[in-house]
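Please open the model in your viewer and get the selection tool ready.

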Amino acid sequence: MTDDRPGAVLVLTNSLDATADVVLRILAERRVPVVRVDPGVDLYNGASLTASYGTGGQRGALVTPTRALDLEHVRSVWWRRPTAYRGPSDLDGQDAKFAGSQMFWGVGGILASLPGAHHVNHPWRIRNGEYKPAQLAAALRAGFLVPATIITMDPFEARQFCTERPAVYKPLWNTAYCDANDAAQQVWVRDVDPADITDAVSVCPHLFQAKVEKVFDVRLTAVGTELIAARIAGPELDWRRRQDLLSYEPISVPDAVAASVDGYLTEMGLVFGAFDFAVDAAGAWYFLECNPSGQWAWFPPEITMPIGLAIADELQKGRLS
């Protein structure tokens with residue numbers, strides 16, 4: 001299918017993003033114009049960005065070594081995983097910090113405010129959607145089943161919660177963490193023994209959640225009204241820990257869950273969401289979280305390709321008005 005409508009798709013991501021490659025191949029086959037850029041890197045390596053504001057409205061251009069993009073005619077923006085904004089490599093200390101913050105507020109602000117562009121997802125919606133407390137509150141309002149959860153800095157409250165029920169701990173954010181040898185560490189979801197909870201809980205908020213006696217996990221990827229769900233079977237409490245031992249198969253989405261997904265996306269202002277559920281022996285789907293920038297390209301082709309096609313459709317159609 002070709003598309004002669006004006007306006008390019010702007011893809012903001014790093015150069016090693018294989019997930020983006022899946023969608024870009026589909027858009028290339030459809031002959032949809034695409035500009036791929038990693039602003040935090042490319043603007044220091046031959047690309048430039050200018051925006052002007054006045055009585056004539058907002059104008060501007062993003063110029064790369066191979067393309068020139070009129071910011072007034074961007075059809076869609078796919079916010080994938082661009083490199084964090086930093087200063088140029090020849091700066092350090094306060095100079096680098098200042099330059100990086102100006103990049104974040106300047107470049108990020110320009111690209112988040114393109115007139116008429118359809119964002120998948122809008123970066124401000126991504127930021128809001130990454131707060132786990134906000135996710136839990138929105139999930140309850142949307143009608144999902146949500147395991148009992150407490151977020152606290154009080155060791156007594158934490159011990160009491162975990163004594164009353166089998167519970168797990170999960171971080172509120174996957175903060176980069178290294179051991180004494182500077183090796184990267186991952187904080188996985190794990191079972192909690194109340195006796196192990198110390199006064200160290202008072203250092204920062206901790207999230208404890210009732211353990212769902214799950215039979216399997218589900219990753220449900222929502223793209224607009226398209227829902228693509230995969231049943232995930234594996235031996236670990238946190239299935240991400242040993243992905244080499246996982247098996248996947250497509251699974252249908254219960255009507256009640258689909259309705260709650262729609263309500264959640266609407267409230268959070270998201271076009272795309274990667275939802276994680278734990279499903280028990282009775283078939284109840286318990287909401288765990290929704291990643292507004294979740295990965296999906298590791299799935300088998302029968303799951304990956306419908307997601308890629310749905311994202312390509314969303315980017316190609318742009319904003320409907």
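Predicted model: local features only at pLDDT ≥ 70, side-chain atom pairs only at ≥ 80, totals over all residues.

Residues are numbered from 1 along each chain as its sequence is written, and side-chain values use heavy atoms, with hydrogens and water left out.

Start by selecting Arg81, Glu130, Trp173, Asn291 and Ser293, the closest to the centre of the largest pocket among the 50 residues that line it. Its volume is about 1,600 Å³. On a 1 Å grid over the protein atoms alone, a pocket is an open set of points where a 1.4 Å probe fits, with protein on both sides within 12 Å along at least five of seven lines; lining residues have an atom within 4 Å of a point. The volume is the space filled by probe spheres set on the points, which are joined across faces, edges and corners.

Next, select helix H4 (123-129), which gives the largest share of the lining, 5 residues. Helices are DSSP runs of H or I, at least four residues, and strands are runs of E, at least two. Other elements supplying at least two lining residues include helix H3 (93-111) and strand E14 (214-223).

Now pick Cys162 and look for Cys204: its sulfur is the nearest cysteine sulfur, 15 Å away. A disulfide needs two cysteine sulfur atoms within 2.5 Å, and the whole structure has 0 disulfides.
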